[in-house]
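Let's take a friendly walk through a structure, one part at a time. Keep the picture beside you as you read.

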Amino acid sequence: MPSLKDVSTKIVGVKKTSQITKAMNMVSAAKLRGAQQKMENFHPYAEKFNKTMANLSGGASGDYPLMEVRDVQAVEIVVVTSDRGLCGSFNSNIIRMAEKLAAKYEADGKKVSYVCIGKKGSNYFRKTGKMRKDYRDIMGTFQMFNAREIAQDIAANFEAGETDEVKVIYNHFRSVAKQEPTNLHLLPIKPVESEEEEGAAAGSSGDYIYEPSSEEIMTVLLPLYMNVMIYNSMLQIGAGEHAARMTAMDNATNACNDIVSELTMIYNKARQAAITGDLMDIVGGAEALKG
Amino acid sequence: MAETIELEVVTPSGPVVSENVDIVTAPGYAGVFGVLANHAPFLSTIKIGELAYKKDGKEFSLMVSGGFCEVSTNKITFIVESCEQGSDIDVDRALRAKERAEKRLAQSKGQQEKVNEARAQAALQRALARVRVAEKRSR
């Protein structure tokens, strides 16, 4: 039986924890709004970009280093995670998916290397010794040029023949309540073909005036396409991290409240027992005096 | 009023301009080009420089950095990495950046590091474009 003092100390402690988790929940809610805004701002750019890309690749054909399909010997997995923890299973979902994928490739006898964006993934994969490069502490305030730097590095590695295929693993931001681990194919870039675009491309892109030639534009466009993909995955992680933390902290706050009410129950029971004991003593004493 | 063309400028940090304008001039791959209403479909890469457009007789000027532009069915879309309004440009900062880039270029002359030279060159271009756009605004 814990003493009254022990229980009341514990209640105070748990209440303080719940204050912290509640504060973190609210901070994440505020940050989520910013991150979501950033994501929405990027959307028109990505959309226009993909449309043009589809238009162009429908008409253009040729050999581009970034589209070169090779016999796959080595695979690079780009793992995008958050820099901070305390966001539930957000990062471990990504890591698990990346590991599964790596195991599959390795079972086929392919070499796997990792590039990690975000501290959590890099902390995990550095232990495996297969991490080629990591980018830490940029999730909070990244800009397009951060994504470009990463994309250039990955592209250079691909062009040098070090890797034959590049995949990106990140959490897709479906909604505030749901983020899905997603496996995105990055390199070699596949020509964009959707049936709807096919018709549009045939109709319009044939008449396009290209300046410079469509081939040269493609060589400019393809690295940009990588930037867009990587930047987008980083944005998704940025927003998803806060959403996941909001949920995790909300759960933690609820759990704290449950514990507090449980402990209060124990405290009251103990108090009641003590009072009863005291009363018995008094009554017993009074009886003894009477006699 | 003559016919207008729909101008749209989008950057990774959001759409900047979406207006019906009379004429657009932009720094393309082969030099500055102008686009009027009903232009033929056209696709070009965009260099760092000044994007100017005219609307109701008034001239507007923006600084754009690399990207590309697409003209189709009376609509011109710029997909660029960054775009700044003249009023947002800090001239002093741009001038400082220009000096810095020039110094770096002078240093890198004759050196093997082509990457740094290209970077300094781009920085210089950006600074020059900013100054040009900002000066236009002050007139």
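## The sheet of chain A

Let's begin in chain A, where five strands form an open sheet in the order 3-2-1-4-5, with mixed pairing. Which strands stand at the edges? They are strand 3 (131–135) and strand 5 (179–187) of chain A; each has a single partner strand, so one side of each is left without a neighbour in the sheet. From one strand to the next, the twist averages 20°. Keep in mind that what you are looking at is a predicted model.

Inside this sheet, strand 1 (residues 74–80) and strand 4 (residues 165–173) of chain A run parallel and are paired over five bridges. To find one of these pairings in the picture, look for A:V75, whose bridge partner in strand 4 of chain A is A:E165.

## Helices that pack on the sheet

Helix 4 (residues 144–159) of chain A packs on the sheet and touches strand 1, strand 2, strand 3, strand 4 and strand 5 of chain A. The direction of helix 4 makes about 170° with that of strand 1 of chain A.

Helix 2 (residues 90–107) of chain A lies across strand 1, strand 2 (111–117), strand 4 and strand 5 of chain A. Relative to strand 4 of chain A, helix 2 runs at about 155°.

## A buried serine

Now look for A:S233, which is found in helix 6 of chain A. Is A:S233 buried or exposed? A:S233 counts as buried because it has 23 C-beta neighbours inside 10 Å.

Who are its contacts? Leaving aside neighbours within four places in sequence, A:S233 is in contact with A:V80, A:V168, A:Y170 and A:L184. A:T182 is 51 residues away from A:S233 along the chain, yet their C-alpha atoms are separated by 9.6 Å.

A:P188 lies in the loop between strand 5 and helix 5 (195–204) of chain A.

Another place is A:D137, which is not a glycine but has a positive phi of about 55°. You will find A:D137 in the loop between strand 3 and helix 4 of chain A. A:D137 is exposed, because 11 other C-beta atoms lie within 10 Å.

## Two domains in chain A

The domain assignment divides chain A into domain 1 (4–25 + 249–282) and domain 2 (31–246). Taken over C-alpha atoms, the centres of domain 1 and domain 2 of chain A are separated by 48 Å.

Chain B has ten strands and two helices. Reading from the N terminus, its elements run β-β-β-β-β-β-β-β-β-β-α-α. The C-alpha trace of chain B spans about 55 × 30 × 25 Å along its principal axes, and buried residues make up 33% of its 139 residues. The mean pLDDT of chain B is 84, with 92% of its residues at 70 or more.

Strand 1 (residues 5–11) and strand 2 (residues 14–21) of chain B pair in the antiparallel sense over seven bridges, and a hairpin joins the two through two residues. In this pairing, B:V10 stands opposite B:P15 in strand 2 of chain B. Chain B also has a non-glycine residue with a positive phi, B:N38, at about 60°. B:N38 sits in the loop between strand 4 (31–35) and strand 5 of chain B, and B:N38 is exposed because 10 other C-beta atoms lie within 10 Å.

## Where the chains touch

How many residues does each chain bring to the contact? Chain A gives 20 residues and chain B gives 21 residues. On the side of chain A, the elements that give two or more residues are helix 1 (4–59), strand 6 (209–211) and helix 6 (214–290). Helix 1 of chain A supplies the largest share, eight residues. By class, this side of chain A has 14 nonpolar, three polar and three charged residues.

Strands from the two chains also pair: three bridges join strand 6 of chain A to strand 5 (residues 42–46) of chain B, and these strands run parallel. A:I209 has B:F42 as its bridge partner in strand 5 of chain B. For the model, the scores are ipTM 0.78 and pTM 0.83.

Definitions and conventions:
Residues numbered from 1 in each chain as written. Chains lettered and ligands numbered in written order. Predicted model: local features only at pLDDT ≥ 70, side-chain atom pairs only at ≥ 80, totals over all residues. pLDDT = per-residue confidence, 0-100. Contact = placed C-beta atoms within 7 Å. Helix = DSSP H or I, 4+ residues; strand = E, 2+ residues; numbered from the N terminus. Nonpolar A, V, L, I, M, F, W, Y, C, P; charged D, E, K, R; others polar. Pairing = 2+ DSSP bridges. Domains from an automatic or database assignment. Buried ≥ 20, exposed ≤ 12 C-beta atoms within 10 Å, placed from the backbone. Axes fitted to C-alpha atoms, helices over the stretch in contact; angles between N-to-C directions.
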